[in-house]
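Before reading on, please take a moment with the chain and its ligand.

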Amino acid sequence: MLALLASAQEVEKPSPTQPPAPPRSELASSQTKPKADSKKLSGAELYSMHCNRCHPERYPTERTAAQWKTILLHMRVRANLPAGQSRTILKYLQDNSGR
Ligand code: HEC
């Protein structure tokens with residue numbers, strides 16, 4: 001009986017710490033939901049976020065649109081970019097290459 005009471009208390013003890021847990025997991029799941037995708041970053045933003053990690057950013061005007069396409073094929077893998085972001089960056093670079 002004593003053991004039962006003791007264990008009942010033990011079960012009750014962690015429960016005050018339990019309530020915060022569900023909201024936390026909800027928060028985590030809502031953060032992994034489309035939120036990240038739906039908040040679209042511009043090509044310029046993605047470019048400055050991803051493409052100056054290993055070397056300084058090149059000006060879009062430093063390469064032609066065709067060159068940017070080839071460069072993105074290589075750098076997309078290096079930067080580990082999803083296809084959509086790579087396309088957005090490529091479009092930004094090509095639109096601003098002036099060539
Ligand atoms: C993980 C490191 C890394 C990341 C991230 C990276 N690069 Fe590079 N980049 C390199 C290295 C190393 C070189 C030089 C060697 C080479 O050209 O293969 C290079 C070279 C370049 C060059 C010169 C190529 C040439 O010969 O004309 C351009 C332009 C370039 N990167 C653009 C980008 C763009 C755009 C991104 C973002 C999508 C990017 N890089 C992300 C490592 C990286």
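Residues are numbered from 1 along each chain as its sequence is written. The pLDDT, which is the predictor's confidence in each residue on a scale from 0 to 100, averages 79 over the protein chain, and 62% of the residues score at least 70. Over residues 29-35 the pLDDT falls below 50, and this stretch has one contact in the model beyond near neighbours in sequence, a contact being two residues whose C-beta atoms, placed from the backbone, lie within 7 Å. Where pLDDT is low, the predicted coordinates should not be read in detail.

The protein chain holds six helices and zero strands, where helices (H or I, at least four residues) and strands (E, at least two) are DSSP runs numbered from the N terminus. Among contacts between residues at least 6 apart in sequence, 76% join residues at least 24 apart. Of the 99 residues in the protein chain, 12% are buried; a residue is buried if 20 or more other C-beta atoms, placed from the backbone, lie within 10 Å of its own, exposed if 12 or fewer, and partly exposed in between.

Glycine 43 lies in helix H4, residues 43-50, and counts as buried because it has 20 C-beta neighbours inside 10 Å. Leaving aside neighbours within four places in sequence, glycine 43 is in contact with Thr88, Ile89, Lys91 and Tyr92.

Beyond neighbours within four places in sequence, threonine 88 is in contact with Gly43 and Leu46, while serine 42, 46 residues away in sequence, is 7.2 Å from threonine 88, C-alpha to C-alpha.

Turning to the ligand, 14 residues surround it, the closest being Cys51, Cys54, Met75, Arg78 and Ala79; a residue is near a molecule if its C-beta atom, placed from the backbone, lies within 6 Å of that molecule. Helix H5, residues 65-79, gives the most to this shell, with five residues.

Notes: Predicted model: local features only at pLDDT ≥ 70, side-chain atom pairs only at ≥ 80, totals over all residues.
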